[in-house]
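Subject: Structure handover

Hello,

Here is the structure I promised to pass on. Please open it first, then read my notes below.

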Amino acid sequence: MNKKGFIFDLDGVIVDTAKYHFLAWKNLANSIGIDFSETQNEQLKGVSRVRSLEKILTWGNKTLSEEEFSRLMTLKNEEYLSYINTMDASEVLPNVTNTLNSLNNKKQAIALGSASKNARPILEKVDLLDKFHAIVDGNDVTKAKPDPEVFLIGAKLLQLQPNDCVVFEDSVAGIQAANIANMLSIGIGDASVLREADYIFKDFTEIPDSFLEDVISDKIKKQPKTNLSIKN
């Protein structure tokens, strides 16, 4: 059987920590007189903490000193950590564990590719850490999605070429990063938001085992795309 690399984003793909990010960012923004919508929050998915705060400040037309900027980032992370400290295996999204088990049974390579600097403790909390052969998180990268760095490092750790890798993502920036890396991009979520993905499923309950088998056997391939570039 062929060997592929399956790279999973964390937030919104494996667990719904996106809701905790939203709460923490919302509270922080409100504390400095800024409000933002759930629609705007889509732009914060898959990007770094620094870039997220920069976007929020732009929306509120505010500037901060470097010291205050750092202080607020720390505050946001502390609130977020207080939420994830209560997590357990019940927070794993539907059919994710079955998908990971199926891929492991098929002797496939599995990596995490996430902007989160808290990826390892989250995976430990939800009892999935041992399902992954490689983990790339916010501590390992210098460039945020849509730069493909996180996925390219994942492929390298799995000792596979990028075109032998598959990415599961719920964010526009993540899908763009996978496409730029020349990896098969599978959107998890809203088809109207993730339209740049090669394939889109609402969640993992919609992905049949036969689809994964077809990906592994090269019956399903990436469709060539043009004009791919990193756009922030």
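Let me start in the sheet. Strands E1 and E2 pair in the parallel sense, over four bridges. Ile 7 has Ala 111 of E2 as its bridge partner. One caution before you go further: this is a predicted model.

**The sheet**

E2 also pairs with E3, again in the parallel sense, and here there are three bridges. Ala 111 stands opposite Ala 134 in E3. Val 166 of E4 is the bridge partner of Phe 6.

**Is E2 covered or open?**

How many of the five residues of E2 are buried? Five of the five are, so E2 is largely enclosed by the rest of the structure. Both faces are covered. On one side sit Ala 109, Ala 111 and Gly 113. On the other sit Ile 110 and Leu 112.

**Val 167**

Next, pick out Val 167 in strand E4. Its relative accessible area is 0%, which is under the 20% cut-off, so Val 167 counts as buried. Which residues does Val 167 touch, leaving aside those up to four places away in sequence? They are Ile 7, Phe 151, Ala 178, Met 183, Leu 184, Ser 185 and Ile 186. Val 167 and Gly 5 are 162 residues apart in sequence. In space they are 8.4 Å apart, C-alpha to C-alpha.

**Helix H3 and its neighbours**

Now move to the helices. H1 (residues 18–31) packs with H3 (residues 49–59) at an angle of about 45 degrees, and their axes are 11 Å apart. That angle makes H1 oblique to H3. The crossing of H1 and H3 is right-handed. H1 contributes Trp 25, Leu 28 and Ala 29 to the contact. H3 contributes Arg 49, Ser 52, Leu 53 and Ile 56. By class, the contact of H1 with H3 has five nonpolar residues, one polar and one charged.

H3 also packs with H4. Here the angle is about 110 degrees, with the axes 11 Å apart. H3 and H4 are therefore roughly perpendicular to each other. H3 passes H4 in a right-handed crossing. From H3, the contact uses Arg 49, Val 50, Leu 53, Glu 54 and Leu 57. From H4 come Phe 69, Leu 72, Met 73 and Asn 77. The contact of H3 with H4 divides into six nonpolar residues, one polar and two charged.

Arg 49 and Leu 53 of H3 are named in the contact with H1 and again in the contact with H4.

Which residues of H3 are buried? They are Ser 52, Leu 53, Lys 55, Ile 56 and Leu 57. Note that Lys 55 is on that list. What covers the buried residues of H3 includes H1 and H4 (66–84). Just after H3, Asn 61 takes a positive phi of about 55 degrees.

**Asn 77**

One last residue. Asn 77 lies in helix H4. Is Asn 77 buried or exposed? Asn 77 is buried: its relative accessible area is 14%, and the cut-off is under 20%. Asn 77 touches Arg 49 and Asn 118, not counting residues up to four places away in sequence.

**Where to look**

- E2, with both faces covered.
- Val 167, buried in E4 at 0% relative accessible area.
- H3, with H1 and H4 among what covers its buried residues.
- Asn 77 in H4, which touches Arg 49.

Best wishes

Terms used. Residues numbered from 1 in each chain as written. Predicted model: local features only at pLDDT ≥ 70, side-chain atom pairs only at ≥ 80, totals over all residues. Heavy atoms only, no water. Axes fitted to C-alpha atoms, helices over the stretch in contact; angles between N-to-C directions. Helix = DSSP H or I, 4+ residues; strand = E, 2+ residues; numbered from the N terminus. Parallel < 35°, antiparallel > 145°, perpendicular 65-115°, else oblique. Left-handed = near helix turned anticlockwise from the far one by under 90°. Contact = heavy atoms within 4.5 Å. Nonpolar A, V, L, I, M, F, W, Y, C, P; charged D, E, K, R; others polar. Buried < 20%, exposed > 50% of the residue type's maximum accessible area, 1.4 Å probe, protein only. Pairing = 2+ DSSP bridges.
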